[in-house]
Amino acid sequence: MRISKFLTKLFILSVLFLTACTSDDDGVAASKGNFENGILVSGEGSGAGTGSISFISDDFETVNQLIYKGVNTAELGTFLQSLAFDAQRAFIVVDNANSVTVVDRFTFESEAVITTDLITPRYMAVAADKGYVTNWGSTSDDADDFIAVIDLNSYTVESTIPVGNGPEQIIAKDGKLYVSHKGAFTTNNIISVIDLVDNSVEEITVKDNPDELFFNSNGDLVVLSQGRTLFDADFNVIGDTLGSISIINVNSLSIDTELVFAEGEHPSLMVLDNNKIYYGLSGEIYEMDENSTTLPSTPVLTAEGFLYGMEVENNNIYTLNASFSDLSTLNVYDLNSKEKVQTIPVALGASKVYFN
Amino acid sequence: MKKALVTFVLLWVCLLSFSQNDSINRLEEVWIQADRKLEKHSVGYKVITLNDSLIQRNPESFTALLRFNTPIYLREFGAGGTSSASFRGTSASNTAVIWNGININSINNGQTGFNSLTVSLFDAIDVRSGGGSIEYGSGAVGGTIHLNDNLKFSDKKCVKNQVVSTIGSFETYQNLYKFKLTDNKLALNFGVSYNQSENNYKLLDTEFRNFNGAFKNLGFNASGAFLLSNYSNLKFYTANYSGERFFSGELPNPLAANDKYQDFNHRNLLIYTNEVSMLKHEVQLAHLMQEYRFFDDREADAFNFGKSNQYLVRYNASLSIAKWYANIFSYLEYESAFGKTDQIEERNRQQLSQSFVYKQNLKSVAFFEAKIRKDFNSDYEVPFTHALGLKIKPLKNLFIRANTSKNYRVPTYNDLFWPGQGNLELTPETSKQFEVGVGYKNNTISVDIATFQIYAKDKIVWTPNGDLDRPGIWVPINLRQVNNKGVEFVFSYDESFNKHNFQFDLNYSYVQAIDERTDKQVIFVPKHLSNLSLGYNFKRFSFFSQQVYNGKVYTTESNSEDFLLPSIFIVNTGMEYKLLNKKGKQLIIGLKCNNLLNKNYVSQPRRPMPNRNFNFNINYKF
């Protein structure tokens, strides 16, 4: 996702540049599609309706729901887990449908639907002409989880890389893959580092249920572990394991800094913007410097409703108040004033925000 | 609770001592039913009966039988998949299924899966519209569906056998054997059914077939009645079912489906009845076992399960007061239920219930019933419930009927005990309802039109913001208020000219089920629902056609037009011919075409229902 954001910025800059150059002649640059220069919100879907993607223009004036269905008259199914991007394409990962749908990221015209050799796919990273998709495998087997390697020319799974249980989010950087293992149907506490030269896998142990991860501006890997609730044999709650933000040196594969949350606190959602880390905890959003050695004690703001997705950009914080029985709501807050500046209906079960 | 039990028992021992010994008049034929409440306590209610020949014309599934013949909306996850009912716009746990008088909705989730039992072995299915918590307890809110075994004492000994064998599209094989014995002191029923299907129908307008949709099931029912003396009889009922289904996949990639589901049910009931003069006593003992196993991966041995055992003891008594044309009924019930799942350790829930019904006949022009019930439950407070029913016959064929009732649905084991999520603070959902109807009935025509209102409150809803201290955790809370208003209309016509016989049966219902919070129609409830059944017989030949229409269905709370299921209109048609038609011996062959118009339709998003398909059956009675 960081890569996509970087690419997006590059793209926006280039568009601005192009526009500036050509505005005297044509007035506007040739549009790449209806869904350029805006925000994409993906929703998982539920029994109430399909997973879907909503488009909101950068000026918040235009809002389109179900853009994939609108263009392709087909539904994506449930549960739409995540999107990945390269310069021209978007890859839509739907876990229950065992599918990765390839579309033009600006027109959303379908180019392919990959439905074979994927078992509960979750997230995808793109490097060169390959897509790397984390897969949970069978619910009843902790040992069959894998990364599917997709040839992005033929749109087929050309090979798989076996990994530990429950691979979740994935980043490709400098010839390596970094994978958080949230643990699928059970639990896990590792980060896999896969060398794409020989597919060798190294593991780093972190706190339980690592999910969000990204590289900070120092080149370190930042991982959010949620921790988990413990039950006894009769499923009575007997305690919690701790959550943390772990900062990992990727050369030595050691944890440089570990910021541990209080017992019973289970943070989720973490993003980086402008050298600041933002994370969610019990519906509240906290902000800290990426080099901070302590966790902040007070939240920067309280998100309205059920906080299920978050992004930060240009001093705006985008939060998703997800509904699984109806359209969800995208709320945009100004980080300076902490005021809510936009409220927009978006996809059913909305969970992710991407800048296109 | 013990004290209450002792008090009730003492009360009835006293009443017993006043009873006199007197012979009852026996008719030549006496029908015997386990459940007398439906017959006795439906004053002011509408009951429609689906007889065994109609049941056998719809062998596909219980879901299909109800969809084409009753005013109930069924939400089905593809043919043969999970299926739940909405009666008068109420939620899935608000339709109670009653087996020989006993509520068999699962204590784990409060529902009955309409594709997880076969009903071809039952002699009749009655569908009563309106609340019935007084008679049938939790979940009898929108209406009740009654699965009945009919036994008969007859002065003339009679033995009947029936074999029905059906071969259908998608490698569907359905077989049924029924045996009936009637004698003056003995009645026995016995039946066994086996069904299996690949169920791999073509998903219209796609390259796919229904994948992972196969099912097979075995059912065995038996019942018997023994006349012990002129005053007493003993009855037993048993129903057993074992089924395995695979849960089919949904578009866009049905091939992702990988689930398997097994059901095992055993239901046993023993009834002793004593009737002396005006006083009737009945003791019932019942045991119900239900178990499901859900395999997330059909190839693996691991599964999730839910299992429950329920034990019931009932004592029913009724007193008829001839000079007042009145009857008093008492129903006392003790239930102990044990439930567990792989996620929930075994829990025991006990309930003691007492209800009284007073029934008055006013010069055979007006009939009136007043009912009350109180439950004492070990887990939560169950509200006191009450109901009134009235029927007036001002003219020979015309009647006016009305009823009002308070009903409830208790929290399920899942609602209460789900680890980390169950909510022990839940209270039962309650609803108040009112109905007024007018009807006309003669030998050929039967009409009934009624308007109803249901005010439901504290509906239990699972929501991620249910517990403010733990946002994001899905928990059930008493949240929603829903007001239903609607009209139910039924018209039946049955006429014979010479050797021609015509039948016409129409159900139509209109329901506005409005969530008070959103002021919108609740999801998965169509406003318009209608089905029509046409029949024609001539000598040995008969023809029939069934059609169902339901209006569009919203799937989101805001009733977004982007997320809806379009209206459907589906036609089935069939014909039968009696190759052999002698007294005591009949051989009938039949051919049926389902979805004659080959419509692509869904009752759940992205799950197309079967394309046009056929079945051929042989029905031999001897």
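A salt bridge is a side-chain nitrogen of Lys or Arg within 4 Å of a carboxyl oxygen of Asp or Glu. The exercises below concern a predicted model.

**Exercise 1. Determine how many salt bridges cross the interface of chain B and chain A, and which residues form a salt bridge there.**

Step 1. The rule finds 1 salt bridge across the interface of chain B and chain A.

Step 2. B:R606 pairs with A:E75 in a salt bridge, and their closest N and O atoms lie 3.0 Å apart.

Step 3. Polar contacts between chain B and chain A amount to 8 residue pairs, with both residues at pLDDT 80 or more. On the side of chain B that touches chain A, the residues comprise 13 nonpolar, 9 polar and 9 charged.

**Exercise 2. State how much area chain B and chain A bury between them, and which residues of chain B lose the most.**

Step 1. The size of an interface is often given as the accessible area lost when the parts come together. Here, chain B and chain A bury about 2,400 Å² between them, and 57% of it is on carbon and sulfur atoms.

Step 2. The contact involves 34 residues from chain A and 31 residues from chain B.

**Exercise 3. Give the strand order of the open sheet of 5 strands in chain B, and explain why one side of each edge strand is without a neighbour.**

Step 1. The order is 2-7-8-5-6, and the pairing is mixed.

Step 2. Strand 2 (46-51) and strand 6 (102-103) of chain B stand at the edges; each has a single partner strand, so one side of each is left without a neighbour in the sheet.

Step 3. Strand 7 (residues 124-129) and strand 8 (residues 143-148) of chain B run antiparallel and are joined by 6 bridges. In one of the pairings, B:S129 has B:G143 in strand 8 of chain B as its bridge partner.

**Exercise 4. Locate the two ends of the salt bridge between B:R88 and B:E488.**

Step 1. The closest N and O atoms of B:R88 and B:E488 are 3.0 Å apart.

Step 2. B:R88 lies in the loop between strand 4 (83-87) and strand 5 (95-99) of chain B, whereas B:E488 belongs to strand 25 (residues 475-497) of chain B. The pair thus links distant parts of the chain, 400 residues apart.

Step 3. Over all chains, the whole structure holds 45 salt bridges.

**Exercise 5. Identify where A:F79, B:P252 and A:D174 lie, and describe the backbone at each.**

Step 1. The peptide bond from A:T78 to A:F79 is cis, with omega near -10 degrees. A:F79 sits in the loop between helix 2 (67-72) and strand 4 (80-85) of chain A.

Step 2. B:L251 and B:P252 are also joined by a cis peptide bond, with omega about 10 degrees. B:P252 is in the loop between strand 14 (232-247) and strand 15 (259-276) of chain B.

Step 3. A:D174, a residue other than glycine, has a positive phi near 50 degrees. Its place is the loop between strand 12 (167-173) and strand 13 (176-181) of chain A.

**Exercise 6. Find where pLDDT stays under 50 in chain A and chain B.**

Step 1. The mean pLDDT of chain A is 90, and that of chain B is 90.

Step 2. In chain A, pLDDT stays under 50 over residues 1-27; in chain B, this holds over residues 7-27.

Conventions: Residues are numbered from 1 along each chain as its sequence is written. Chains are lettered from A and ligands numbered from 1 in the order in which they are written. This is a predicted model: local features need pLDDT of at least 70, side-chain atom pairs count only at pLDDT 80 or more; totals for chains, interfaces and linings use all residues. Side-chain values use heavy atoms; hydrogens and water are left out. pLDDT is the predictor's confidence in each residue, from 0 to 100. Contact means heavy atoms within 4.5 Å. Two strands pair if DSSP finds at least two bridges between them. Helices (H or I, at least four residues) and strands (E, at least two) are DSSP runs, numbered from the N terminus. Buried area is the accessible area (1.4 Å probe) that two parts lose on being put together, summed over both. A polar contact is a pair of N or O atoms within 3.5 Å; within protein, one must be able to donate a hydrogen and the other to accept it, and residues adjacent in sequence count only if both atoms are side-chain atoms. Ala, Val, Leu, Ile, Met, Phe, Trp, Tyr, Cys and Pro count as nonpolar, Asp, Glu, Lys and Arg as charged, and the others, Gly among them, as polar.
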